[in-house]
Amino acid sequence: MGGIFIQMALDRIKKKSLSLTPSRAEISGKFLRVGNENFYVRGVTYGTFCPNQEGYNFPPSEIVEFDFASMASCGFNSVRTYTVPPRSLLDIAEKHKLKVLVGLPWEQHITFLDDAKIVAEIEDKIREGVTMCAGHPAVLAFSLGNEIPAQIVRWYGKSRIEAFLKRLYQIGKSVDPAALFTYVNYPTTEYLDLSFTDFDCFNVYLESREKLDAYLKRLHNLLGDRPLLTAEIGLDSLRNGTELQAETLDWQIEAVFSSGCAGAFIFAWTDEWWRGGCEIEDWDFGLTTRDRKRKPALGSVSRSFREVPLRKRQISPKISVVCCSYNGSSTIKDTLDGLIELDYPNYEVIVVNDGSTDGTTDIVEKYPFRLISTANWGLSNARNTGLSHADGEIVAYIDDDAYPDKNWLKYLAHAFSTSDHAGIGGPNIPPAGDGIIAESVANSPGGPIHVLLTDDIAEHIPGCNMAFRRDALIDIDGFDPRFRAAGDDVDICWRIQESGRTIGFHPAAVVWHHRRNSVKMYWRQQKGYGKAEALLEEKWPSKYNCLGHLSWGGRIYSKGLTQPLDSGNDLIFHGSWGSGLFQSVYKSVPLSYALIPLMPEWLLIVGGLVCLSLTGLVWNPLLAVVPLAIFSIGVYLLQVFISASKAVYPTPRSNIFERIFRFGVTALLHFLQPVARLWGRISHGLTPWRKRGIRKIMPGFLIPRNRTFLRWTENWGSSTDWLEQIEKRLQSFRIGVRRGGDFDRWDLETGTGLFVSVRGLLTIEEHGGGAQYLKFKCKPHLSRFGLIFVGVFGILSLLASLDNSYIISAVLGIIALSLVCRTLLDLAVTGYNFSRGFFEAEVATAMNLEDQAEYSSFDGFQSIPELAQAAAAGVVASAANKTIRKQDSRKRALKN
């Protein structure tokens with residue numbers, strides 16, 4: 001074992017020695033990387049300065065030398081300039097191991113797009129500026145602009161500004177392809193989509209810790225898996241004093257790095273500031289004075305920068321990392337290498353071998369981790385095995401095809417120590433270099449996703465990167481063994497939330513997750529996900545609609561989502577007269593008809609139309625369906641094309657044939673994914689025509705009409721209490737229940753079929769002394785699609801009969817009649833379930849404790865008439881008692 005540790009230590013020393021060699025910055029998930037190490041930007045802005053007679057925008061070389069040496073001694077590793085520096089300045093920066101974010105200035109404060117000559121001059125300036133610094137090892141990145149005024153952006157519109165900045169990006173890349181390019185944005189134009197740049201920069205001036213924390217979380221979720229830098233933070237010491245400036249910068253730096261930012265630039269190194277042709281003397285943002293005297297803020301910033309990304313004094317609870325593997329020999333070595341490199345003082349690793357038949361065990365035994373081998377009992381059992389052997393206060397799960405960022409556990413521990421969440425998740429990012437197939441899979445639907453309800457509260461976190469408090473998992477009895485390969489993460493998240501606890505999300509708790517590297521493996525994975533959906537719907541029917549689809553309450557964060565043809569128009573909040581300080585995009589919800597083709601069941605519609613078209617060979621009028629069939633296929637293919645065209649790949653391909661091949665593979669996967677998912681869903685019972693609820697048919701409910709159920713009770717409850725009890729009872733029948741919204745004139749909706757549902761409205765009469773008279777109105781709601789289907793097949797059957805095509809008429813008539821019968825049967829079943837849910841919920845509540853104990857083992861009334869008879873008897877008896885009490889009251893009143 002000692003030899004293993006020595007060899008691993010030598011490997012780490014070798015990696016660190018390689019990282020000391022000069023290297024250009026690259027993108028590494030949410031961070032920048034130089035060499036083999038993450039490069040956390042500890043920067044300060046420099047300038048702008050009064051130009052000399054030659055137009056030179058920087059101090060003399062000896063002052064630059066002094067400033068850069070001072071920066072390096074204080075722990076800075078980066079400098080941001082607002083104008084293009086000469087190579088001599090970059091040489092000085094390289095000498096002191098400083099990286100430079102080079103600003104490329106141009107006329108961004110005027111309506112620059114109105115004049116083609118100005119546009120050409122701006123493009124030339126970008127080209128010249130990049131050329132001056134191209135290839136220099138001290139260059140961190142180039143900034144294509146800084147805070148185009150919101151009024152200018154509003155004048156031209158979002159799309160034109162984005163297109164212009166993209167053009168500047170392409171010009172810069174053509175000059176220095178290996179360089180990184182960004183644009184420095186600010187909250188007033190945060191709605192700009194600049195995802196074509198290499199990373200994101202924002203100037204953020206917020207003087208409240210709570211507001212800064214909240215806004216950084218927002219930016220992380222707005223920008224996704226891209227690095228985020230704060231290009232300016234600071235405080236004016238002229239108005240606030242030097243001590244408050246030092247104190248504020250201390251918590252600002254902590255907030256920036258603990259949120260997961262890749263770095264920060266402090267504004268500014270010195271109080272010198274030249275703008276608009278004159279010296280600015282009415283603010284002092286510098287860490288030093290104009291004559292380079294150090295302020296207290298410099299010492300504060302220096303101390304804070306020495307502890308990035310997270311401060312060492314923070315709590316470090318013991319974390320048990322559990323990796324479950326079944327035949328993961330092809331990827332688990334990356335996982336184990338990443339786990340042994342973790343920078344965290346208090347953790348253990350438990351590998352659960354779930355009956356692997358390949359060389360997984362041999363690989364794991366070479367590492368100093370605990371190995372537990374079991375039979376192939378499935379993923380949930382393996383996770384529970386790891387939980388039962390875990391000693392940590394927190395249990396973190398990672399898949400055998402993923403590996404963590406070095407500071408993964410640090411960010412998880414920080415998130416747990418600063419919240420009361422039961423679980424925390426983070427991004428899973430596909431690593432570059434896995435091949436064209438894996439890159440295409442990463443840009444295809446069906447990947448591991450996280451769903452956020454707010455900027456830091458999750459509805460779902462994927463199993464490849466999730467961590468929980470150990471006691472929270474034990475309280476809900478761990479993972480459900482029925483989920484052998486997938487679905488366990490969704491189920492555990494729902495159960496934790498059902499227990500009243502929350503799940504958080506930290507954007508910097510990153511793992512690198514290999515995607516499937518063959519079309520066949522992707523196909524099998526998506527079929528497995530279809531099976532998992534069926535298992536989840538069986539356990540959580542109330543979370544699925546009539547078609548068997550889950551409606552997430554939060555926003556889904558994932559690449560490769562299939563795009564609807566009508567995604568709606570985004571709305572930008574500008575504020576009155578463009579005065580909003582934080583101007584955001586509000587994503588509009590696509591129209592319902594645009595969402596239908598996104599469902600795998602759209603393929604059933606396509607198949608049905610194709611079958612009707614082929615039937616036209618027997619009865620020619622049905623050939624009129626051919627255009628509809630072609631249209632439905634065209635919609636499907638158009639969605640595939642649009643979705644594949646929006647793919648973003650980590651590895652650029654210069655060869656045109658490689659680009660075409662990669663697009664073709666991505667399009668193929670978008671085409672196959674719904675087919676595989678539908679196959680998995682249907683083969684395991686998750687069909688649109690599945691049966692739900694208690695399948696007992698009462699003849700009286702076959703007639704579609706409004707009904708009102710009545711009940712007298714002397715056990716008072718609020719309307720919310722009654723509705724929650726009715727809802728809970730309906731859910732116990734394994735029926736999906738939906739609550740009415742803010743603008744709905746109904747309280748609960750439930751359905752047991754595809755084309756019919758029942759909506760219920762509750763009202764309560766208050767009769768004093770805790771007595772209540774409950775009235776529950778139930779109204780059948782027939783689906784328009786169902787009526788259209790029945791009408792179309794009925795009309796076609798009639799027309800075929802008139803045309804003497806009796807066989808075709810009979811077939812179409814049987815289909816129409818079957819749909820009618822199924823709708824009526826579903827209506828009867830739904831009505832029965834709704835009435836039973838209402839009466840049983842109320843009866844169980846109204847009884848005393850002794851009666852409840854007996855009732856809990858009773859299966860309810862055998863029929864609705866019996867139930868109604870019992871209810872009516874209760875109403876009569878209670879009404880009689882009420883009359884007697886009223887008579888007694890009157891007698892007492894007369895005596896008085």
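## Salt bridges

Select Lys 410 to begin: with 21% relative accessibility, Lys 410 counts as partly exposed, a class that lies between buried (under 20% relative accessible area) and exposed (over 50%), with a 1.4 Å probe and protein chains only. This is a predicted model, in which local features need pLDDT of at least 70 and side-chain atom pairs count only at pLDDT 80 or more, while totals for chains, interfaces and linings use all residues. Residues are numbered from 1 along each chain as its sequence is written, and side-chain values use heavy atoms, with hydrogens and water left out.

Helices (H or I, at least four residues) and strands (E, at least two) are DSSP runs, numbered from the N terminus. Asp 343 is also partly exposed, at 33% relative accessibility.

Next, select Arg 209, Asp 213, Asp 250, Glu 254 and Arg 311, which salt bridges with shared partners join into one network.

Move to Arg 218 and Glu 190, a salt bridge with its closest N and O atoms 2.4 Å apart. Arg 218 lies in helix α7 (residues 209–223) and Glu 190 in the loop between β8 (181–185) and β9 (200–203), so the pair ties together parts 28 residues apart in sequence. Arg 218 is partly exposed at 25%, whereas Glu 190 is buried at 4%.

Then show Arg 167 with Glu 123, a salt bridge of 3.5 Å, N to O. Here helix α6 (residues 158–175) supplies Arg 167 and helix α4 (residues 116–133) supplies Glu 123, 44 residues apart. Arg 167 has a relative accessible area of 36% and is partly exposed; Glu 123, with 16%, is buried.

## Backbone geometry

Color by backbone angles or step through these residues. Most residues other than glycine have a negative phi, and most peptide bonds are trans. The peptide bond from Phe 267 to Ala 268 is cis, with omega near 10 degrees, and Ala 268 sits in the loop between β11 (263–266) and β12 (274–275). A cis bond also runs from Val 308 to Pro 309, with omega near 5 degrees; Pro 309 is in the loop between α10 (296–305) and β14 (319–325).

Asn 327, in the loop between β14 and α11, has a positive phi of about 55 degrees although it is not a glycine. Asn 804 has a positive phi of about 65 degrees; its loop runs between α24 (784–802) and α25, and its relative accessible area of 54% makes it exposed.

## A strand pair and a buried Asn

Select strand β29 (residues 707–713): five of its seven residues are buried. β29 pairs with strand β33 (residues 772–782) in the antiparallel sense over seven bridges, where pairing needs at least two DSSP bridges. Which residue of β33 is the bridge partner of Thr 708? Lys 777 is.

Finish at Asn 833 in helix α25 (residues 806–846). Asn 833 is buried, at 0% relative accessibility.

How values were computed
A salt bridge is a side-chain nitrogen of Lys or Arg within 4 Å of a carboxyl oxygen of Asp or Glu.
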